[in-house]
Amino acid sequence: MPDPVDVGDGSGVTETLAVHHRVMEKMPSSVLDDPAFSVPRCPAGGSGVAWLRGSVARFSEGADHACRRRLIDELLSGLVVDPRPGGDPTAMLLTALGLSEHLVADVASAAASYHPHLPVIPEADDAVERLIAVCGGHDELTAAKLCVLVQAHTATRALITHLRRGGDGPPPIPSTRRVGPRGETVEVDLSGAPFGSGRHACPGRDLAHRLAAAAMRQCGNDLR
């Protein structure tokens, strides 16, 4: 699932388009298939958001990414989601993973600090540690579960907002980031690839649409 960029969905996650006070170069979605452009990588951390960033497929490449992506694909292939009409999409996903719906707030806190260009909000580290504890500890499977939960939380809400507006305009997540061959960070326009492309293409496209459709079947739900 791509980076959140001012989706206007009330999630509080907004990406700036500047790095060190300069505007990032904007690139087409074909960059996503170019091996010379990699995802921003995060060093391994011992706990909290730092551990999450350093342990997920989203911010890794090479053998680490292949292994972590395989775990996510296996997790999603066996996931049975009951899309309750009007339900909160994150709550539905938590239930499918055998976790409590009451963890939605913790997932939201983790999502607000997930991407490496975002500051870590005060409650995020504690929220991530609580999620790690209920998922079984600091291991690769836990990282896969949290990767699915955190990325789906923001992206599915963006998709719901997009669909409620008629599906017009830019994609739910307008852009993502990559690091070019000279070490430069670039903004990648997702107009031609709303769910990404290449080795980091979103594995949860069908799941996101199912959750969004269920949430939209009943009006008046607070999806902020």
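**Exercise 1. Strand β5**

Task: Why is strand β5 (residues 185–189) largely enclosed by the rest of the structure?

Solution. Start with the term: buried means under 20% relative accessible area, exposed means over 50%, and partly exposed lies in between (1.4 Å probe, protein chains only). Now apply it. Four of the five residues of β5 are buried, so the strand is largely enclosed by the rest of the structure. Strands (E, at least two residues) and helices (H or I, at least four) are DSSP runs, numbered from the N terminus.

Keep the basis in mind: this is a predicted model, where local features need pLDDT of at least 70 and side-chain atom pairs count only at pLDDT 80 or more, while totals for chains, interfaces and linings use all residues. Residues are numbered from 1 along each chain as its sequence is written, and side-chain values use heavy atoms, with hydrogens and water left out.

**Exercise 2. The partners of β5**

Task: Which way do β3 and β4 run relative to β5?

Solution. Two strands pair if DSSP finds at least two bridges between them.

- Step 1. Take β3 (residues 25–27): three bridges join it to β5, and the two run parallel. Here K26 has E187 as its bridge partner.
- Step 2. Take β4 (residues 175–179): five bridges join it to β5, and the two run antiparallel. T176 stands opposite V188.
- Step 3. Look at the hairpin of β4 and β5. It has five residues between the strands, and G183 takes a positive phi near 85 degrees.

**Exercise 3. Salt bridges between helices**

Solution. A salt bridge is a side-chain nitrogen of Lys or Arg within 4 Å of a carboxyl oxygen of Asp or Glu. The structure holds seven.

- Step 1. Check the distance: R68 and E140 meet at 3.4 Å, N to O.
- Step 2. Place the residues. R68 lies in helix α2 (residues 62–77) and E140 in helix α6 (residues 140–164), so the pair ties together parts that are 72 residues apart in sequence.
- Step 3. R68 is buried at 11%, and E140 is partly exposed at 34%.

**Exercise 4. Another pair**

Task: How is R130 linked to D106?

Solution. The two form a salt bridge, with the closest N and O atoms 2.7 Å apart. D106 belongs to helix α4 (residues 104–112) and R130 to helix α5 (residues 124–135), so parts 24 residues apart in sequence are tied together. D106 is buried at 10%. R130 is partly exposed at 43%.
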